[in-house]
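Please look over the chain shown below before reading the briefing that follows. The points after it are grouped by topic.

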Amino acid sequence: MNDDIASPFRFPAVDRKKVTAAFDGGRLTSDGGVLLLSQAERAMGICQRLATCIADPRDPARVIHRLDDILRARVFAIACGYEDADDLDALRDDPGFRLALGKLPGSGAGLASQPTMSRWENAPITRELAKMLAAMIDIYCASYPAPPAAVTLDIDDTCDVVHGYQQLSFWNGHHGERCFLPIHVYDTATGRPVAMLLRTGKTPSGVEAAGHIRRLVRHIRRQWPETHITIRGDGHYGRPEVMAVCEGCGVDYVFGLPTNAVLRADPEIVVAADACAVKRAQRQYPVLRTYAETRYGAKSWKCQRRVVARIEASTMRMDIRYVVTSLTEGSAEHIYDTLYCARGQAENLIKLHKTQLASDRTSCRSPNANQMRLILHTAAYWLLWRIQQEIPKAASLATAEFATLRLRLLKVAARVIESATRIRVAFASACPDASVLKAIATNLRPAPT
C-alpha cells in the first residue's frame with residue numbers, strides 16, 4: 001500500500017471528538033461471505049466438473065494455479081458482484097477470497113490474475129463447451145437427492161444487447177437492438193437452472209428449437225428415465241417441429257399459440273366469446289374472463305391438437321389468448337391459469353441470471369468465449385441458489401433475491417487473523433444477519449469422515 005493511501009484522513013467531529021481514519025486495519029475483507037460460496041461450491045463440485053471438460057496443456061510441474069481454482073475464483077467473484085475479469089487483479093490478495101480457495105491469507109501466491117482468467121475464458125473449443133453444457137445438466141439432475149416423479153421445464157430466450165459487432169450478434173427488429181438471444185431453461189418450480197445456450201440474435205426457428213429440446217430431453221433421460229417431463233414456452237416455441245419432437249420423446253408440452261383467422265372463427269371459441277361479452281355487458285362488470293377449448297390443426301401440422309382459449313371481455317375490447325397442449329386432463333381454466341401462466345416466474349429467474357448476476361456481459365468477440373461466460377455466470381447462480389436453500393425457512397431471507405443475498409450475506413466485513421496453529425475469521429459483532437449466516441455455514445459444513 002502506498003503512503004498516500006495509508007496516510008490518515010479526517011471526518012467531521014462527533015460530540016467534540018475528532019474523527020480520523022486510515023487504511024491500516026490489517027487483514028480485512030469486505031466479502032466475508034465468500035466462505036459460504038466456497039462451502040456451497042465444494043458441496044456441489046461445480047468447478048471441478050467444469051474443469052474436467054477442458055484440456056489443460058500446461059506442464060504440471062510449472063502450474064501455479066490449478067484450472068479448477070481459476071474457475072472458482074472467477075465464479076466466486078461473479079457471485080460477489082465482480083462481474084469483470086479485471087476485478088480479479090484487485091482481489092488477488094483479498095484474505096477472504098484466498099481462504100475461499102484454500103490459500104493461507106498471508107503467504108504463498110495470490111489468486112490468478114486477469115490475463116490468466118481471460119486466457120481460460122477464451123481457451124475452450126466448441127466440443128469442450130458442449131461437454132460443459134452437458135455437465136451443467138448433470139449438476140441439475142444431481143441437485144435432486146432422488147429422481148423426481150415429474151418436472152416442468154420452462155424454455156425462453158432473452159435479449160442480450162451487444163455494444164459492438166461480436167460474432168453471432170444480429171439486429172433484432174422486435175427488440176430494436178443488436179443482440180444475442182440466448183436460450184434459458186429453468187426448473188421454475190424450484191428455481192433451478194438447467195441450461196443456458198448462447199445463440200444468434202434472431203428468433204429461433206422451429207427446427208432449431210426442436211433440436212435444442214431433443215438434446216436436452218435426451219440428456220435428462222439418461223439420468224432420469226422414468227421422470228415425467230413437461231416443457232412450457234411462449235409462442236416462439238409453439239411450432240409444429242417442436243411439438244412433434246416432444247410427442248416423439250414422450251414429453252408433454254404447454255406452448256403459447258399465435259392467433260390466426262381460423263382460430264378466431266372457430267365455432268366453440270366464437271360462442272364462448274359472444275356469451276362472455278353479453279354476460280359482462282348485462283352485469284356491468286368492468287372485465288369478465290372465461291375459457292374455452294377446441295381441436296385445431298394448422299396446415300403445417302400432421303394432426304389436430306388440443307387448443308385452450310382464455311377469453312377476456314372488458315369495457316375496452318375483447319382479448320383472446322391461445323395455448324396448445326398435449327395434456328388431455330385438466331380443465332381449460334386449469335391449463336391456462338395454473339399451468340401456462342406459471343411460466344411467468346421464469347422471467348424472474350432470467351432477471352436474477354441476467355441482471356443481478358450480470359450474465360449479459362458477453363462482450364468477447366468470440367462466441368465460444370461468450371458461451372463460456374454464460375456457463376460461469378450459471379455456476380454463480382447455482383452457488384447462490386444453494387445458499388438460499390440452506391437459509392432457515394422462517395427467515396425473511398429465505399425468499400430473497402440474489403442481490404439481497406449478496407448485500408446481506410456476502411458483502412460482510414471480516415478480519416482474518418492467522419496464528420501458528422489456526423486461522424480465525426472475526427465478523428462484526430453487530431452483523432444484522434449473524435444468526436442466518438451461522439446457520440448456513442453450519443448446514444453446509446461437510447460431514448466428518
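**Phenylalanine 427 and the overall chain**

Phenylalanine 427 touches Gly32, Val412, Ala413, Ala414 and Leu437, if residues up to four places away in sequence are not counted, where contact means heavy atoms within 4.5 Å. This is a predicted model, in which local features need pLDDT of at least 70 and side-chain atom pairs count only at pLDDT 80 or more, while totals for chains, interfaces and linings use all residues. Residues are numbered from 1 along each chain as its sequence is written, and side-chain values use heavy atoms, with hydrogens and water left out.

**Setting of phenylalanine 427**

- Phenylalanine 427 belongs to strand β16, which covers residues 423–427; helices (H or I, at least four residues) and strands (E, at least two) are DSSP runs, numbered from the N terminus.
- With a relative accessibility of 31%, phenylalanine 427 counts as partly exposed, given that buried means under 20% relative accessible area, exposed over 50%, and partly exposed in between (1.4 Å probe, protein chains only).
- Alanine 413 is 14 residues from phenylalanine 427 in sequence, and their C-alpha atoms are 6.3 Å apart in space.

**The chain as a whole**

- The chain holds 17 helices and 16 strands, and its C-alpha atoms fill a box of roughly 80 × 60 × 50 Å along the principal axes.
- Of its 449 residues, 48% count as buried.
- Among the contacts in the chain with a separation of 6 or more, 63% come from residues 24 or more positions apart.

**The sheet of 8 strands**

- An open sheet with mixed pairing is formed by 8 strands in the order β9-β8-β4-β10-β11-β14-β13-β12; two strands pair if DSSP finds at least two bridges between them.
- β9 (192–197) and β12 (287–296) stand at the edges with a single partner strand each, so one side of each has no neighbour in the sheet.
- From one strand to the next, the twist averages 20°; axes are lines fitted to C-alpha atoms, for helices over the stretch in contact, and angles run from 0 to 180 degrees between N-to-C directions.
- β12 and β13 (residues 305–314) run antiparallel and are joined by 10 bridges, and within this pairing threonine 294 has valine 307 in β13 as its bridge partner.
- Helix α8 (residues 126–142) lies across β4 (150–157), β8 (183–187) and β9, and runs at about 170° to β9.
- Helix α13 (residues 332–340) lies across β10 (228–233), β11 (252–257), β12, β13 and β14 (318–325), and runs at about 110° to β12.

- β4 and β8 run antiparallel and are joined by 5 bridges, with aspartate 157 standing opposite isoleucine 183 in β8.
- β8 also pairs with β9 in the antiparallel sense over 5 bridges, and the bridge partner of valine 185 in β9 is alanine 195.
- The hairpin of β8 and β9 has 4 residues between the strands, and in this hairpin glycine 191 takes a positive phi near 80°.

**Threonine 230 in β10**

- Threonine 230, which has its place in strand β10, counts as buried at 9% relative accessibility.
- Apart from neighbours within four places in sequence, threonine 230 is in contact with Val151, Thr152, Leu153, Val251, Asp252, Tyr253 and Val254.

**The sheet of 3 strands**

- A further open sheet, of 3 strands with antiparallel pairing, has the order β5-β7-β6.
- β5 (160–161) and β6 (170–172) are at its edges, each with a single partner strand, so one side of each is left without a neighbour in the sheet.
- β6 pairs with β7 (residues 177–180) in the antiparallel sense over 3 bridges, and phenylalanine 170 stands opposite cysteine 179 in β7.

**Packing of α2 and α17**

- Helix α2 (residues 34–44) packs with helix α17 (residues 434–444) at an angle of about 25°, their axes being 9 Å apart.
- The two helices α2 and α17 are therefore roughly parallel to each other, a class for angles under 35 degrees, whereas those over 145 count as roughly antiparallel, 65 to 115 as roughly perpendicular and the rest as oblique.
- The contact is made by Leu36, Gln39 and Ala40 of α2 together with Leu437, Ile440, Ala441 and Leu444 of α17.
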